[in-house]
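Hi everyone, thanks for making time.

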Amino acid sequence: MAIRKVIGTETEFGISIRNQPGFNPALASALVVNSFPGRRIRVQWSYEEESPGRDARGFGVPGYDYADPDSALVNAVLSNGARFYVDHAHPEYSGPECYDPLEAALHDKVGELAALAAIRRGQQTLPDGQQLKLYKNNSDGKGNSYGSHENYLLDRATPFGQVVRHLTPFLVTRQIYTGSGKLGSENGRPDIDYQITQRADFFEEQVGLETTLKRPIVNTRDEPHGEPAKYRRLHVIIGDANQNEVQNFIKLGATALFLAAIEDGALPDAFELADPVNSCWQVSHDLDMNRPLELAVGGSATALEIQGHYLEWLTKYVEAELDEPVWNDVLSEWESILTDLEADPSKCDDRLDWVAKKNLVDAYRQRDGLAWSDPKLAAIGIQFHDVDPRTGLYHRLAETGRVRRLFTDEQVAASLADPPERTRAYFRGRCVSEFEDSVVAANWDSLVFDVGEPHLKRIPMMEPLKGGRDLVGDLLDSVETAAELIEALGD
């Protein structure tokens with residue numbers, strides 16, 4: 001039986017300061033992170049157990065390391081178990097480890113609230129007339145793309161070659177329901193007025209270690225953030241930052257199901273593409289979703305057809321192997337999306353960012369007679385992703401009930417303060433809330449405490465599913481200091 005697909009998401013936000021010519025994005029990002037007003041601890045992120053140069057194909061890359069280790073100093077661990085920090089001159093919110101895709105979709109939305117709280121406080125430090133802005137998007141339209149990544153727990157015993165073989169066509173074709181929409185093209189791809197995703201133009205390899213150059217469809221970074229003999233962490237970098245809650249739920253849920261089916265050998269075959277890299281941008285540029293993709297064994301199929309087969313196979317898999325209601329909800333939403341995309345994509349504007357954004361842009365074009373090259377449309381394209389509800393166009397749609405939601409504002413706010421209860425994020429979040437003066441360093445699989453003794457105390461957290469409320473809740477309730485916690489854990 002496949003192991004539980006613990007899920008986490010990461011979002012690098014686009015950043016600008018209006019009316020500050022030549023603003024420094026790294027300094028602006030540091031301002032945002034340091035301005036977060038909620039419960040958190042500002043500690044150095046520990047890279048001791050992290051190895052970005054280790055490749056899942058069985059080798060390491062000498063000299064491959066984090067580009068700016070000093071950015072670890074601009075780092076906050078939040079009371080919900082998340083990490084908020086500066087990465088490549090962007091504020092990045094890395095959500096806590098989540099038990100299922102519904103919980104992961106909730107905590108991805110929480111990241112927007114964290115970003116909003118930070119910029120509202122950071123704004124208070126700026127001179128009159130300057131405005132701090134964050135955007136949940138993936139492209140600035142000037143040749144720069146930044147990431148929205150997903151992470152899934154995998155069984156180390158599953159051959160990575162099998163993962164690559166099955167996963168490549170799945171990731172390429174799922175773009176029809178993971179895109180957030182983009183005006184124009186970049187990176188030398190053919191000219192187009194509008195496309196489904198913001199990231200597809202930037203992918204140049206099928207398999208590889210990089211995340212910022214020569215981006216691969218399947219990323220091979222072998223950094224499990226857990227017991228390395230048991231686990232892999234699949235780091236998915238081909239996907240857009242989505243604001244729609246239903247869309248995020250389908251994206252995370254369908255991918256988690258697909259990976260579980262790979263582990264259980266439940267997929268009858270792989271739709272291997274003849275040219276995965278070109279197929280990647282071709283899917284994104286095909287708004288009608290009727291372009292056949294050449295298959296490696298001959299013949300062709302559209303992205304919609306391939307995803308339809310995956311849905312059929314995974315429906316049988318869930319019926320045979322999984323009994324949690326969340327997986328049936330994933331299948332139901334996924335089927336509804338594919339059905340509506342085939343009939344009329346505009347029906348999906350309440351669930352897919354790329355459709356809602358296109359409908360909005362089309363309305364402005366028709367009302368004002370604008371050409372696709374008009375700067376007003378480019379401004380609308382950016383404003384759609386503004387995290388501030390007062391100015392963000394997606395938020396305007398949500399306020400008028402034109403997009404579906406899965407969570408209330410109260411649920412999102414509560415999850416900014418409190419961690420998920422069924423993963424080790426619970427232990428991390430509780431420690432941040434209750435022992436903030438004693439935690440001196442952190443990473444995903446450990447916390448380091450100073451309890452007044454000659455040596456620091458490191459608590460390993462190598463099992464993502466251990467450290468939840470059921471296992472450590474009573475223990476944390478029973479101690480008052482970090483020293484008492486260390487002593488109790490030692491016992």
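Predicted model: local features only at pLDDT ≥ 70, side-chain atom pairs only at ≥ 80, totals over all residues.

Okay, let's start with the disulfides: the count here comes to zero. Take C98, which is in no disulfide.

Is C98 buried or exposed? C98 counts as buried because its relative accessible area is 1%, and the cut-off for buried is under 20%. C280 is buried too, with a relative accessibility of 0%.

Next up, F258. You'll find F258 in helix α4, which covers residues 245-263. Why do we call F258 buried? Because its relative accessible area is 0%. So who are its neighbours? Leaving out residues up to four places away in sequence, F258 touches H166, L167, F170, L267, Y310 and L314. Look at F170 in that list: F258 and F170 are 88 residues apart along the chain, yet their C-alpha atoms are separated by 8.4 Å.

Last stop, S94. S94 lies in strand β9, residues 90-94. With a relative accessible area of 4%, S94 is buried as well. Which side chain does the S94 side chain make a polar contact with? That partner is the side chain of E92, at 3.1 Å. Again skipping residues up to four places away in sequence, S94 touches T9, E10, A82, R83, Y85 and W444.

Note on methods: Residues numbered from 1 in each chain as written. Heavy atoms only, no water. Helix = DSSP H or I, 4+ residues; strand = E, 2+ residues; numbered from the N terminus. Buried < 20%, exposed > 50% of the residue type's maximum accessible area, 1.4 Å probe, protein only. Contact = heavy atoms within 4.5 Å. Polar contact = N/O pair within 3.5 Å; in protein donor to acceptor, adjacent residues only side chain to side chain. Disulfide = S-S within 2.5 Å.
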